[in-house]
Amino acid sequence: MTSVMPPREIISSSAPFSDAQRAWLNGLLAGLFAPDDGTSPTISAGASSDGDDGAAPWHDQTMPIAERMKLAESRPLRRRMMAAMAQQDCGQCGFNCSDYADAIANRSEARLNLCVPGGKETARMLKALYSELEGNASSGLKPAAEVIPAPSEFRAGERGRSRDNPVEATFLSRLRLNKVGSEKETWHLDFDLTGTELDYEVGDSLGVFPKNDPILVGDVIAALGASADHVIGDVPLKAILTERVSLSPAPDTLFQLLSYIIGGTARQKAMALASGEDPDGDAASLDVLAALEKFSKARPDPEAFIEALEPLQPRLYSISSSYKTSPAKVSLTVDVVRYEAGKRHRLGAASTYLAERIQSGEKLPIYVQKAHGFALPADPNLPIIMVGPGTGVAPFRAFLQERGALGASGRNWLFFGHQRSDFDFFYSDELKAMRSKGLLTRLSLAWSRDSDQKFYVQDRMRQSGQEVWSWLADGAHFYVCGDAKRMAKDVERALVEIVAEFGKRSTDEAIAFVADLKKRGRYQQDVY
């Protein structure tokens with residue numbers, strides 16, 4: 001289905017809304033026009049231009065990079081570097097967004113390609129911004145390290161606490177959560193922590209270092225015209241391609257390398273791709289193998305080829321178990337990524353590695369990534385409302401296990417949804433048992449494909465609006481986990497509507513109420 005793109009400003013300044021209403025509605029309504037390719041143009045209110053005041057109005061995972069950069073254009077260089085990042089504070093780079101920007105700006109971190117969610121867009125923007133930093137230094141301006149405060153902490157040195165210092169855990173088992181007939185493929189995975197000395201808190205994520213698909217590795221070697229046993233720095237080419245470098249998407253540096261060894265029109269196209277252009281309309285589908293096939297006359301030296309690739313990055317997954325209930329084990333809930341692109345069947349490197357290639361008893365590098373502002377309330381008597389469709393249920397399974405282990409008296413309400421109730425009800429037996437024991441006070445379900453009319457968790461929230469408001473009035477903490485592009489925005493919009501209707505507030509007051517929940521840590525998100 002083709003989506004109609006809205007004008008730049010969805011709610012114009014002439015519309016009969018206050019500034020607060022218009023800013024909020026622009027941000028949320030933009031999600032309604034998101035095209036089916038997963039992009040989501042978000043229109044945001046203007047930014048302050050009063051210098052580096054510590055605020056980050058661009059810190060929104062759903063905001064396109066062009067919008068973020070526009071909001072940051074009057075800010076100092078390190079703040080613009082932050083705006084270039086994916087704004088998820090996921091920790092996958094080893095920092096949060098602000099500290100990664102500061103580390104680059106004060107030259108304590110030279111790598112510009114660590115923002116996995118930001119991908120090429122972030123890397124390109126950081127490269128351009130870094131050139132400004134280099135220009136300042138060469139022109140005799142005060143060095144960045146003298147004017148940029150060093151963050152209080154970058155990466156923890158303890159083993160297993162950062163991507164730069166992982167530990168080896170043992171893969172135990174996998175269990176498919178979807179029943180036969182589902183259109184999805186989701187797995188529950190368990191890892192043995194014995195001997196790692198690792199612990200974790202609910203809300204934390206687990207970093208996993210995957211290996212590339214051996215069939216894809218073989219196809220890349222064949223397209224390269226090299227031997228799998230070709231040694232680079234005492235390591236065979238096959239091993240490097242399997243364990244050390246990313247094979248998708250093709251980085252700009254690979255196209256730059258290819259442009260050096262081919263000529264004519266092909267060289268011009270490679271140069272264009274290296275500059276972020278899309279001469280043939282296929283840039284989005286060009287992984288490393290597709291790039292080699294597109295420029296099949298090029299045969300780069302294997303060592304130069306490897307140097308042109310990006311490192312194979314760890315993947316972060318929300319932990320779906322409580323250390324208090326299983327201290328020797330950590331669990332994940334993982335959707336498998338498979339799709340068609342460029343006439344080839346593509347595989348998510350990490351998800352298919354975990355779903356089918358790693359075997360019980362094998363070891364793999366992992367680390368625990370501490371959560372940033374996603375945790376249970378300190379007071380166990382407070383109620384909590386959790387909204388986690390699909391794999392978004394992962395941290396909330398952990399929350400419930402934790403509350404059960406602590407004997408917390410606070411009420412627990414889970415909104416879960418997926419496509420079909422017969423096939424996609426993850427952890428149904430566990431959740432029903434928690435419900436019958438009274439640990440899970442309420443379980444509200446939404447199935448988007450069980451009828452002709454799609455029905456989502458935010459629709460179920462609206463149906464239970466009076467009770468949602470009552471829980472909030474009683475001090476409930478509200479949590480959301482899952483898709484940032486559409487679901488999280490839809491849930492926030494539904495909550496504002498609930499607050500306005502059942503809290504007897506104006507729209508402005510409801511917006512302010514939800515904003516205050518966020519400010520006080522009573523509205524927390526783990527979205528991606």
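**The sheet and its surroundings**

Tutor: Gly207 stands opposite Tyr367 in strand 10. Residue numbers start from 1 along each chain as its sequence is written, and the model is predicted. Local features need pLDDT of at least 70 and side-chain atom pairs count only at pLDDT 80 or more, while totals for chains, interfaces and linings use all residues; side-chain values use heavy atoms, with hydrogens and water left out.

Strand 3 (residues 205-208) and strand 10 (residues 363-369) are paired in the antiparallel sense, over 4 bridges. Two strands are taken to pair if DSSP finds at least two bridges between them. Strands themselves are DSSP runs of E, at least two residues long, and helices are runs of H or I, at least four residues long, both numbered from the N terminus.

The pair belongs to an open sheet of 6 strands, in the order 6-3-10-1-2-7, with antiparallel pairing. Strand 6 (315-318) and strand 7 (329-335) are the edge strands, each pairing on one side only. From one strand to the next the twist averages 40°. Helix 13 (residues 349-357) packs on this sheet and touches strand 1 (167-176), strand 2 (186-192), strand 3, strand 6, strand 7 and strand 10. The direction of helix 13 makes about 70° with that of strand 1. Axes here are lines fitted to C-alpha atoms, for helices over the stretch in contact, and angles run from 0 to 180 degrees between N-to-C directions. A contact is a pair of heavy atoms within 4.5 Å.

Two loops attached to strand 3 come next. Asn212 is in the loop between strand 3 and helix 7 (214-224). Asn212 has a relative accessible area of 5% and is therefore buried. With a 1.4 Å probe and protein chains only, buried means under 20% relative accessible area, exposed over 50%, and partly exposed in between. The side chain of Asn212 reaches two backbone oxygens: that of Val245 at 2.8 Å, and that of Leu241, which lies 2.8 Å from one of its polar atoms. For a polar contact, two N or O atoms must lie within 3.5 Å; within protein one must be able to donate a hydrogen and the other to accept it, and residues adjacent in sequence count only if both atoms are side-chain atoms. Leaving out residues up to four places away in sequence, Asn212 touches Val217, Leu241, Thr242, Val245, Leu247, Leu312, Ala349 and Arg357.

Glu197 is in the loop between strand 2 and strand 3. Its relative accessibility is 75%, so Glu197 counts as exposed. Glu197 is not a glycine, yet has a positive phi of about 60°. Most residues other than glycine have a negative phi, and most peptide bonds are trans. Another backbone feature is the cis peptide bond between Ser248 and Pro249, where omega is about -15°. Pro249 sits in the loop between helix 8 (237-243) and helix 9 (252-261).

On the helix 17 side, Gly465, Gln466, Val468, Trp469 and Leu472 meet Leu495, Ile498, Val499 and Phe502 of helix 18. By class this contact has 7 nonpolar, 2 polar and no charged residues. Ala, Val, Leu, Ile, Met, Phe, Trp, Tyr, Cys and Pro count as nonpolar, Asp, Glu, Lys and Arg as charged, and the others, Gly among them, as polar.

Strand 14 (residues 477-482) and strand 15 run parallel, joined by 5 bridges. Gln524 in strand 15 is the bridge partner of Tyr479. Of the 5 residues of strand 15 (residues 523-527), 4 are buried, so this strand is largely enclosed by the rest of the structure.

Helix 4 (residues 97-105) has 8 of its 9 residues buried, so it too is largely enclosed by the rest of the structure. Just after helix 4, Arg107 takes a positive phi of about 70°.

For the chain as a whole, there are 19 helices and 15 strands, and buried residues make up 51% of the 528 residues.
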